Amino acid sequence: MDYWLSAVSLVSAWVLYVTWLAARLRRLYVRVDAASRALDAALVRRALGVAELAVMQPVALGSRADATELAAHGALRALAEDREAAESELTRAVQDALWSAVLQSGALESRELESGFTEILTQNRSVETARALYNDAVRDMCALRRRWHVRTLRLAVHRRRPTYFDIDATLTTALPQPSSTATPVAGPRS
Amino acid sequence: MSDSAGETSQISGVDTALRIGMVCPYAFDSPGGVQAHVRELSEALRQFGHHVSVLAPVDDESAVPEYVDSLGRTIPVRYNGSVARVAFGPLSLNRIRKWLRNGHFDVLHVHEPMAPSAAMLACLVARGPIVATSHVAKHRSRTVAAAHMALQPIFEKITGRIAVSALARQFQVEHFDGGGVEIPNGVAVAKFSQAEPMPGWPGTGGSLGFLGRFNEPRKGFALLAEAFIALAGQRPELRLLVAGPGDQRTALAAIPEQIRHQVTMLGAVSELDKARMLRSVDIYVAPNLGGESFGMVLTEAMAAGAAVLASDLDAFRNVLNSGGQYGEAESAGELFRAGSAEDLARALDALLRDPIRRTVLAARARQTVAQFDWPIVAAQVLEVYAGAIAAAPARVEPEADAEVVAAKRRLPAELVRWLRA
């Protein structure tokens, strides 16, 4: 009798644990999905903003206006597998335009200059935030998927494994330092 | 003020007023970095027109502002190298549920959720967009490493993670593999820049300042004392102003009798007196040997308009170099080799001889510290709120019985799907 009792309670504890794991998995999928949509929206807003700046205020972008506009359209058109490369390309194009504008206007007027870029810088910051939030969600998801129970019971088998979104998204008004080896834009900040 | 607030709320991209629920883990009416952070962030957010409700343990209800909801009295718990006063237990849990249910928050912001506290409980029972700020200033914690598996379910409920420094971010990366966004600690610039210097200070003979626990070796007071002794011999007018809690007699014992009158000890000071003290010195010295995460006191000295001389720790270097476009060449303070009293004395001597250099440094410091002003920092936090709300489109609610009912209803379907797979 005692034997059965303990066996039953063990099994039910185990069932509860697995149910709890499944609930956590489901919650994380919801989180990854929503974060992914938010990231997509932020990226589209940024690309549209850059395209608009290139058309409406080409002066702000100077000689880089065409290249920047091209990169913006490239980012908007990119398919899922090319998206990271296209978005990184857009960041680099905007960064180049920003640096050349900073150099042209000189450090003194940099505050005024930023105003042409204010909206882009804001949109870029929300891209950075959305990317960090999304990648954190993916990381939590992957950690849970690696768990023994989740793998052996194949709790997550009917859902696609989420992938990190790895892009350069850091814009800075600070000029790269000649002495340092790394430029601020090089290398993704995970 | 209202002008700059309008400007920053435009930057923040949040047009509508948010309902923000904020959980402070430590007793709100006791002194501490996290409490000050929560108070000043809440006030900055309220100035933007958002609704903020803070839930915190409170020992003396008459001592807190009206936007604070009390979680009751506290118990002492050891965490992060010191004793923290927290509220933890089933009673707190119930109160948190009730607060969440009545608050109708758009976003829940918890502080230090990995310590056993109300913040952790709130994470546990809430669902919806949750933002968490990590304040810890150390590398690894054995307790957290051991409890990793148990803490992960709490950690994974957080939608947006904020770390106040690179070190705090590192802590999250090492323990939970998830870093989040780095947003610096804010400083109430106006409070420091407008404080009245103490009568008779800074004077004409040069005055140096030190703030902190001077008995603690890693704060480096011994180094400053040594450099001060070397300098005071030739400069009878040079004065040293020291504020902070600790045993003054042992600290003074290192200083020879004949120059002891050049040292003024203030003891532990209030926030207002701290601002006045920092306004009263020509040069603020931060001789710390290590273990600093952000260098809050540097930003405060910079806001007060003192020339800053700090040891060359990464944390200090980052704060001082973060303003200009050219990095080091435009540093808002000077650095000396950490741990070297000779280098400190040499740097101090050079700065004392050069009032123009001090003025330049103070001007740059004012410029650099502007980015740490609370309205700017709060706008960055609002961006994370916006991101978290976009990434978890739901109201904050207590995760009550509804979850269980829904899970039961879904269970047969899940079983079928699992059998098919």
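This is a predicted model: local features need pLDDT of at least 70, side-chain atom pairs count only at pLDDT 80 or more; totals for chains, interfaces and linings use all residues.
Mentor: Residues are numbered from 1 along each chain as its sequence is written, and chains are lettered from A and ligands numbered from 1 in the order in which they are written.

Trainee: What percentage of chain A counts as buried?

Mentor: A residue is buried if 20 or more other C-beta atoms lie within 10 Å of its own, exposed if 12 or fewer, and partly exposed in between, with C-beta atoms placed from the backbone. Of the 190 residues of chain A, 33% count as buried.

Trainee: Now chain B. Why are the buried residues of α13(B) said to be on the same side?

Mentor: Those residues of helix α13 (314–321) are B:Ala315, B:Phe316, B:Val319 and B:Leu320. They cover an arc of only 125° around the axis, which puts them on the same side of α13(B). That arc is taken from the directions from the helix axis to the C-beta atoms. Their cover includes β14, α12, β15 and β16 of chain B.

Trainee: Why are β13 and β16 of chain B called edge strands?

Mentor: Two strands pair if DSSP finds at least two bridges between them. The open sheet of six strands has the order β13-β12-β11-β14-β15-β16 in chain B, with parallel pairing. Both β13 and β16 of chain B pair on one side only.

Trainee: How do you know that β11 and β12 of chain B pair?

Mentor: The definition needs at least two bridges, and β11 (207–211) and β12 (239–243) of chain B have five, in the parallel sense. Within that pair, B:Phe210 stands opposite B:Val242.

Trainee: What makes a nonpolar core, and how many residues has the largest?

Mentor: A nonpolar core is a set of buried Ala, Val, Leu, Ile, Met, Phe, Trp, Tyr and Cys residues joined through C-beta atoms within 7 Å. The largest has 166 residues, and B:Ala306 is among those with the most contacts inside it. Helix α16 (374–391) of chain B gives the most to this core, with 13 residues.

Trainee: Which residues is B:Ala306 in contact with?

Mentor: Contact means that two C-beta atoms, placed from the backbone, lie within 7 Å. Leaving aside neighbours within four places in sequence, the partners of B:Ala306 include B:Gly209, B:Ile283, B:Tyr284 and B:Ala362.

How values were computed: Helices (H or I, at least four residues) and strands (E, at least two) are DSSP runs, numbered from the N terminus.
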